[in-house]
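Me: I am new to this structure and would like to go through it with care, one question at a time. Please let each reply end on the value or name that I ask for.

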Amino acid sequence: MTTDVVIAGGGPNGLLLACELALAGVRPVVLERLPERPTDPKANGLVGRVVQALDYRGLYERFSGSSRPPGPAPGFQFGALPLDLSVLDGNALYTLPIPQRRMEELLEQRARELDVEIRRGHELSALRPAADLVTADVRGPHGRYELATKFLVGADGGHSIVRKQCGIDFPGVTDRSFTSRSGQVTIPPPVAVPGTGELDVPGAGRFRPATFTRTERGLFAHGMFQPGLYRVAVHEWAPSPLQDSTAMPLEELRSAVRRVIGGDVPMSEPVGGQPAALRRSTGANSRQAGRYRHGRVFLAGDAAHVHSGVGGPGLNLGLQDALNLGWKLAAAVNGWAPPGLLDTYQSERHPVGQRVIMHTRAQMALLSPGPNVTALRELFTELLCEQSTTRHISDLMAGADIRYDTRTGGPAHAMAGRWMPDIAVRTENGPTRTAELLRPGRPVLLVLTDRADLAGAAKEWGDRVDVITAATAEPPVDAALIRPDGYVAWAAGAAEPASAGELRKALSIWFGDPA
Ligand SMILES: Cc1cc2nc3c(=O)[nH]c(=O)nc-3n(C[C@H](O)[C@H](O)[C@H](O)COP(=O)(O)OP(=O)(O)OC[C@H]3O[C@@H](n4cnc5c(N)ncnc54)[C@H](O)[C@@H]3O)c2cc1C
């Protein structure tokens, strides 16, 4: 039996991709080598456009526990320099604090609701791509077996066997000049300032949570993700003589913090059975797969790119890879993918990955020690007084500077290729938002003015494109053809009027021939 899609890796990116495929009527098989989800902490939250993208799937409510739509952050940091985002008239740097483990639990729950088959304890051990299918060798709890599939996606993390077996190179750098240590600890008052999350460290000063502090010795950050449980991370610009696999005692973390901030933070093992999750790692990789596609095999998430975690960009990038690939792969399985659609995964997402590698390296440079860097930081601080610079950096970190190729050849509306903003509209079913219209994961033609000709033209694609006529106070466009991942494929406006023929062309380019 041939499966439509096998996803190797049940981390956040593999699971979201599985949900996207299932929404589009494809039943993927997820192979996850670990029988149980690991307890060691990874991401603390999401930063950037992805927060809105999750709202556009109805997942933001689950992730945040709030029924209110997400909003932009008032401030953030770039290379431990403060970014005052409150000066901007709106920004795309949305943040959502959520531990990765919880995120994965919720995505797995969603995938199971959508009838995705998740095989835990099943490891992809090899794959053999051929012209018409891919054969996966799997090691399961009851032995080895083969799985034939039309498409296979490697969402199997930074050490991706899929990437290696396809011979896809992974150029970049491995920087071994620093050591990172982290753990979950209890910190007693008065160092832990009650009710604020701050640390008041004698001789070193006051440290705000969720904020990087740079010193000449390294970086320090902490956060409180559950009452009384602090995550502490410290980076030193020196390699450790110890292997990463050598167990790290709590005293090692405490000493490293003392060396970096010049004061003592009393720490003890967490109470209530939480793991201390003490972890040491030397250096970091900054690498990107040379290509994201090898015939019927694709890479997504950390399998396609790894980089410094400064600014928390990993899942903004990876989850949007999944949203970009999901509907395109489903279109191929469902038999209506127009020529070249699958190749747009590489042409759209590879440059976005390059920009994340660029800005995380730039931030690492700004965090490095030395008087030259200190001078550079002063200069950057001056530049960040300019609203335009703050906007530039905020858009870069959020991934909001993306403009995908519209593929229509001619001049395009200014919104084409860009993110569809979440606007309040009124449809025949009452008041709603763009985000809610996109939740079924289908393409939407949203007609906001008196353009019945456009709505009529799209009816021929009605089996795969939802045509929605709505009213809004100040329509940003007359009509927008919105892809399932939230980006505008095509738009018409008062200044750029477009004909129904042009819409038909865009519909064919993006969503295939009419039924
Ligand atoms: C300490 C730390 C803090 C971080 N903080 C943040 C943050 O705050 N914000 C943020 O956005 N990002 C953060 N990141 C990055 C983020 O965790 C990663 O980008 C994310 O985990 C990538 O997800 P993924 O699904 O691509 O890969 P992974 O999470 O690595 O998942 C891959 C999965 O594939 C499975 N697998 C591997 N090989 C096979 C195989 N052969 N067969 C079957 N299954 C296989 C693995 O068991 C794993 O479950 C952090 C990372 C670390 C380490």
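Me: Leaving aside neighbours within four places in sequence, which residues is Asp55 in contact with?
Reply: This is a predicted model, in which local features need pLDDT of at least 70 and side-chain atom pairs count only at pLDDT 80 or more, while totals for chains, interfaces and linings use all residues. Residues are numbered from 1 along each chain as its sequence is written, and side-chain values use heavy atoms, with hydrogens and water left out. Asp55 belongs to helix 2, residues 50-55 (helices, H or I of at least four residues, and strands, E of at least two, are DSSP runs numbered from the N terminus). Taking contact to mean heavy atoms within 4.5 Å, the partners of Asp55 are Tyr60, Pro70, Asp422, Arg433, Ala435 and Arg439.

Me: Is Asp55 buried or exposed?
Reply: The terms rest on relative accessible area, with buried meaning under 20%, exposed over 50% and partly exposed in between, for a 1.4 Å probe and protein chains only. Asp55 has a relative accessibility of 3%, so it counts as buried.

Me: What is the length of the polar contact that joins the side chains of Asp55 and Arg433?
Reply: A polar contact is a pair of N or O atoms within 3.5 Å; within protein, one must be able to donate a hydrogen and the other to accept it, and residues adjacent in sequence count only if both atoms are side-chain atoms. Arg433 is among the residues in contact with Asp55, and the polar contact between their side chains has a length of 2.8 Å.

Me: Which side chain makes a polar contact with the side chain of His305?
Reply: His305 sits in strand 20, residues 305-306, and is buried, because its relative accessible area is 0%. Not counting residues up to four places away in sequence, His305 touches several residues, including Phe170, Arg287, Tyr292 and Leu317. At 2.7 Å, the polar contact of the His305 side chain is with the side chain of Asp321.

Me: Which residue has the backbone oxygen that the side chain of Arg464 reaches?
Reply: Arg464 is placed in the loop between helix 12 (452-458) and strand 24 (466-469), and with a relative accessible area of 7% it is buried. Among the residues that Arg464 touches, not counting those up to four places away in sequence, are Trp336, Arg442, Pro443 and Asp513. Its side chain reaches, at 2.6 Å, the backbone oxygen of Phe511.

Me: How many Å separate the C-alpha atoms of Val310 and Thr246?
Reply: Val310 lies in the loop between strand 20 and helix 7, where it counts as buried because its relative accessibility is 6%. Thr246 is 64 residues away from Val310 along the chain, and their C-alpha atoms are separated by 25 Å.

Me: What share of the accessible area of the ligand does the protein cover?
Reply: Oxygen atoms of the ligand lie 2.8 Å from a backbone N or O atom of Leu315 and 3.4 Å from a backbone N or O atom of Gly314. Accessible areas come from the Shrake-Rupley method with a 1.4 Å probe, and for residues only the protein chains shown count as cover. Of the 990 Å² that the ligand has on its own, the protein covers 83%.

Me: How many residues surround the ligand?
Reply: A residue is near a molecule if one of its heavy atoms lies within 4 Å of it, and the closest here are Asn13, Glu32, Gln100, Asp302 and Leu315. The number of residues that surround the ligand is 26.

Me: Which peptide bond is cis, with omega near 5°?
Reply: Pro190 is found in the loop between strand 11 (172-185) and strand 12 (199-201). The cis peptide bond with this omega runs from Pro189 to Pro190.

Me: Is Asp115 buried or exposed?
Reply: Asp115 lies in the loop between helix 4 (100-113) and strand 7 (117-120), and has a positive phi of about 70° although it is not a glycine. Since its relative accessible area is 56%, Asp115 is exposed.
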